[in-house]
Amino acid sequence: MITEFLKGLQRTLFDRPLKPGLLIQERYRITEVLGMGSYGITYLALDNLTKTTVVLKQLRKTKAKTKSGLRSFQRESEILKAVNHPQVPKLLDEFQNNKGLFITMEWVQGETFEDLIFRDQHSYNEKETKAILLELLNIIESFHEKDIIHRDLRIPNIIQRNGTLHIIDFGLACFLSDEETLDPDDHPEKLRMQPVTVESDLFALGHFALFLLYSSYDPQSKKEKSWEEELTISHSFKAALRNMLQLDEPFHSVAEARSALNQI
Ligand SMILES: Nc1ncnc2c1ncn2[C@@H]1O[C@H](COP(=O)(O)OP(=O)(O)OP(=O)(O)O)[C@@H](O)[C@H]1O
């Protein structure tokens, strides 16, 4: 309890975000704080050299002191470099100065599925959900071919820009050879999304699909039922989701998941 309090105090004192207007590395002018995640603070910045807007990520000062913090920040840049896919932001720069450790990457200017569903009240039917899943599977397949597991495929990390999907936030991504220990007290869904396995990304995608499908669900009674009872989707789509969600024998590859979706 006390430790949690001290950690919070430390974060407030040392992890204050840099102010908009500040020039970093004599090149990047901060325009906006986008978010404060567990490891990094994310900004929008104007790159004075290329005259484009970029995303600037700074490792929290409190995390820069820990081995795991440094490791995860370095890994994010390593993985962004390795991924090299048109539907993933490119790593543009990495540097260290008196303000800390930074990376910059392409800004994907679009809407996250969290915005589309909850802010814009957009709803998705089975056909649309299937098309979105198939597009995402193609991107994820290219990660898995490089032995990269994303481990955080959630609605805030998938962006739609001009009708094309993009995957962001490689803060938890790992190479298959990385050794990661999970906290057994974590939420059960987290425990399914975070083992360093292909199945974890497919589980996350099944979970993502439920968010999409629930956007067009209109509850008729207050009684809570299972997603299989509540969602009016085809039997074969349900079966594919059950495999992704590991309620039945999990799919062991993107190819297996794609083949099941294509048979719907
Ligand atoms: N390349 C990018 N293009 C567009 N928006 C981005 C990009 N990277 C991050 N964002 C946005 O910046 C915000 C912060 O993102 P980031 O993934 O760095 O941390 P987080 O989601 O707050 O925390 P955590 O890393 O703990 O998941 C989010 O709203 C995300 O949508």
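**Sheets, ligand shell and backbone**

A: Strand 7 and strand 9 run antiparallel and are joined by two bridges, where strands are DSSP E runs of at least two residues, helices are H or I runs of at least four, both numbered from the N terminus, and two strands count as paired if DSSP finds at least two bridges between them. The model is a predicted one, in which local features need pLDDT of at least 70 and side-chain atom pairs count only at pLDDT 80 or more, while totals for chains, interfaces and linings use all residues. Residues are numbered from 1 along each chain as its sequence is written.

Q: Which residue stands opposite Gln160 in strand 9?
A: Gln160 has Glu111 opposite it.

Q: How many bridges does strand 9 make with strand 10?
A: Strand 9, residues 158–161, pairs with strand 10 over four bridges in the antiparallel sense, and Ile158 is the residue opposite Ile167 in strand 10. The two strands form a hairpin with two residues between them, and Asn162 in that turn has a positive phi of about 45°.

Q: OK, changing topic: what sits around the ligand?
A: There are 18 residues around the ligand, of which Leu34, Gly35, Gly37, Thr42 and Asp169 come nearest; a residue is taken as near a molecule or strand if its C-beta atom, placed from the backbone, lies within 6 Å of it. The elements giving two or more residues to this shell are strand 2 (28–36), strand 3 (40–47), strand 4 (52–59) and strand 6 (100–106).

Q: How does the shell around the ligand split by class?
A: The shell has eight nonpolar, seven polar and three charged residues, with Ala, Val, Leu, Ile, Met, Phe, Trp, Tyr, Cys and Pro counted as nonpolar, Asp, Glu, Lys and Arg as charged, and the others, Gly among them, as polar.

Q: Is strand 6 mostly covered or mostly open?
A: Strand 6 is mostly covered, with five of its seven residues buried; buried requires 20 or more other C-beta atoms within 10 Å of the residue's own, exposed means 12 or fewer, and partly exposed lies in between, with C-beta atoms placed from the backbone.

Q: Which strands does it pair with?
A: Strand 4 is joined to strand 6 by five bridges in an antiparallel arrangement, with Gln58 opposite Phe102 in strand 6. Strand 5, residues 91–97, also runs antiparallel to strand 6, through six bridges, and Gln96 has Leu101 as its bridge partner there. Strand 5 and strand 6 form a hairpin with two residues between them.

Q: Back to Asp169: where is it, and is it buried or exposed?
A: Asp169 lies in the loop between strand 10 and strand 11 (174–175), and it counts as buried because 23 other C-beta atoms lie within 10 Å. Its phi is positive, about 60°, although it is not a glycine.

Q: Which other residue has a positive phi of about 60°?
A: Lys51 does, and it is not a glycine either. Lys51 is in the loop between strand 3 and strand 4 and is exposed, since it has 7 other C-beta atoms within 10 Å.

Q: And what about Glu26?
A: Glu26 is in the loop between strand 1 (23–24) and strand 2, and it counts as exposed because it has 8 C-beta neighbours inside 10 Å. Its C-alpha atom is separated by 9.6 Å from that of Leu49, 23 residues apart along the chain.
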